[in-house]
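Subject: Structure for your review

Dear colleague,

Please find below the structure that I am handing over to you. My notes on what was found in it follow directly after.

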Amino acid sequence: MKDRIWSIDKIVPGGAGMARLEDGRVAFAHGALPGERIQVDDVQAHKGYAVARSFQVLTPARERRVPPCVLAERGCGCDLMHAEYAAQLEYKTTIVRDALERVGKFEGLPPIRVEASPNELGYRSRVRLHIDEQGRAGYHQRGTRRLLEVNRCPVARPELDRAIERFTSIVREHAGAAAGFSEVELRVAPGDARPSAWLVPRERTTRGRDAFERDLASAFRVVVGRDPDSGVQRWPLADEAMLHVPTRAFVQVNWDVNLLMVEALVAGARERGVSVFLELYAGTGNFTFALLAAGLRGTAIETNTEAVRAAELTRVDAGLPEAKFVIGDSLDHLRGAVDLGGADLVVLDPPRTGAAPVVPELLRLRPRVVAYFSCDPATLARDLRSLRAGGYALEAIRGFDMFPCTHHLEVLAWMVLAPA
Ligand SMILES: C[S@@+](CC[C@H](N)C(=O)[O-])C[C@H]1O[C@@H](n2cnc3c(N)ncnc32)[C@H](O)[C@@H]1O
């Protein structure tokens, strides 16, 4: 291949720097930043595109910096840590616009703004570590199953960082027993002194497991696999209410940014004059309770039974009116619905794969307003495209930097039924 000097135009969804080669093909280099010229040493050619396996930066971008963590240079998940924070936000704005234009085929988009995280470092309230067959804990190197051992993590909140240090030191003392587990999720709710450690066991058992778990229990609330009682942590919502979240239920990674998203949802619902909501993929009620506190009524659907049980604790604790929580599948619920029971707003916050299966049902039931939260701009763009084809207009779009130092973000899109 002749063309080994690439000029990087932008960061694309997935986090790579993208260049356009002279022969018209697109090319991707993970770690290269917009504005940079790079010399590619090793290229993997695919039909219609190329990927750099290794490269040197000939002209660095002004925004390039030495990342504040050595693991970032070795390929942990922090794939934008080597760019100044303001530049990261710009790249993410482009990622969202690109997805909407290329995947969603939107033209004339409303302005896109990505809200900064109050903290660029020290923001994560939970991390998932892999544990290998030798009993070492760490992150996987990007795109591989190679383990990068971790002791500290600068994007973790200070109390979680301490928990990671403690956990990995106990693991080193009990490596043989730790090898009986494949993964752990460590969490610390803000203001909670006791972190949780949810361990996923491998099929084989290992010697010394009791001693390992006992040592862990001196510092952590330990949950193993599908233990019947996973315990509940309390996460501070606005108005001094506390969201109860079981260790095995979903909780947002960056709590400060989560509170901004909750606020944006309530403000957007008020602006659009909605009074009754239906929420899909509701989790423990992170959005539900804010909508109820704002005077709306509604129903929330969630598959995780533990999450729904915890939601009842939150409701009672916060003295909020009854919300109807339904344990079940969002699609089943919509399929079984003859109408929306008066709901003029549907809120959805699906997993990364998006909400493609439920979109046809939404188009059948036709809520006036749809508020769609997404952690994947590509699946969001695909689903918004379908909603637009069914008569909805994209009224507003806003990004939230839930995951600084990585290419990931959360997006809230407001779709409104266009007048017939
Ligand atoms: C991204 S989380 C969002 C949860 C919540 N909105 C929050 O902010 O904490 C997605 C949630 O959808 C739930 N879920 C996944 N598939 C589902 C389905 N088919 N129907 C209902 N809930 C589902 C998961 O258990 C998880 O709680």
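I begin with Ala189, which sits in the loop between strand 10 (181-187) and strand 11 (196-201). Please bear in mind throughout that this is a predicted model. Although Ala189 lies in a loop, its relative accessible area is 0%, and because the limit for a buried residue is under 20%, Ala189 counts as buried. Leaving aside residues up to four places away in sequence, Ala189 touches Gln233, Arg234 and Trp235. A further pairing across the sequence is that of Ala189 with Val245: 56 residues separate them along the chain, while their C-alpha atoms are 9.4 Å apart in space.

As to the chain as a whole, it contains eleven helices and 21 strands. Its radius of gyration is 23 Å, close to the 22 Å that the globule rule gives for 420 residues, so the chain is as compact as a globular protein of that length. The C-alpha trace spans about 60 × 60 × 35 Å along its principal axes. Of the 420 residues, 55% count as buried. When contacts between residues at least 6 apart in sequence are considered, 64% of them join residues at least 24 apart.

The chain carries 55 positive and 55 negative side chains, with the centres of the two sets 3 Å apart.

I turn next to the interior. In soluble globular proteins, nonpolar side chains tend to be buried together. In this model the largest nonpolar core has 81 residues, and Phe167, Leu186 and Leu345 are those with the most contacts inside it. Helix 6 (residues 255-271) gives the most to this core, contributing eight residues. Apart from this core lies another, of 38 residues, which includes Val96, Leu278, Ala337 and Val346.

Leu186, from the largest core, touches residues including Leu160, Ala163, Ile164, Phe167 and Phe220, where residues up to four places away in sequence are not counted. Val346, from the core of 38 residues, is found in strand 18 (residues 345-348). Val346 has 0% relative accessibility and therefore counts as buried. On the same terms of sequence separation, that is, without residues up to four places away, Val346 touches Leu278, Leu280, Leu340, Leu362, Pro367, Val369, Val370 and Ala371. Val346 and Met415 are 69 residues apart in sequence, and their C-alpha atoms are 9.9 Å apart in space.

Finally, two residues deserve a note on backbone geometry. Lys105, which is not a glycine, has a positive phi near 55°. Its place is in the loop between helix 2 (85-102) and strand 6 (112-115), and its relative accessible area of 47% makes Lys105 partly exposed. Tyr281 likewise has a positive phi, of about 60°, although it is not a glycine. Tyr281 lies in the loop between strand 15 (276-280) and helix 7 (288-293), and with a relative accessible area of 22% it is partly exposed.

With kind regards

Technical notes:
Residues numbered from 1 in each chain as written. Predicted model: local features only at pLDDT ≥ 70, side-chain atom pairs only at ≥ 80, totals over all residues. Heavy atoms only, no water. Helix = DSSP H or I, 4+ residues; strand = E, 2+ residues; numbered from the N terminus. Rg over C-alpha atoms; globule rule 2.2 N^0.38 Å. Buried < 20%, exposed > 50% of the residue type's maximum accessible area, 1.4 Å probe, protein only. Contact = heavy atoms within 4.5 Å. Lys, Arg positive; Asp, Glu negative; His and termini not counted. Charge placed at Lys NZ, Arg CZ, Asp CG, Glu CD. Core = buried A, V, L, I, M, F, W, Y, C linked by side-chain atoms within 4.5 Å.
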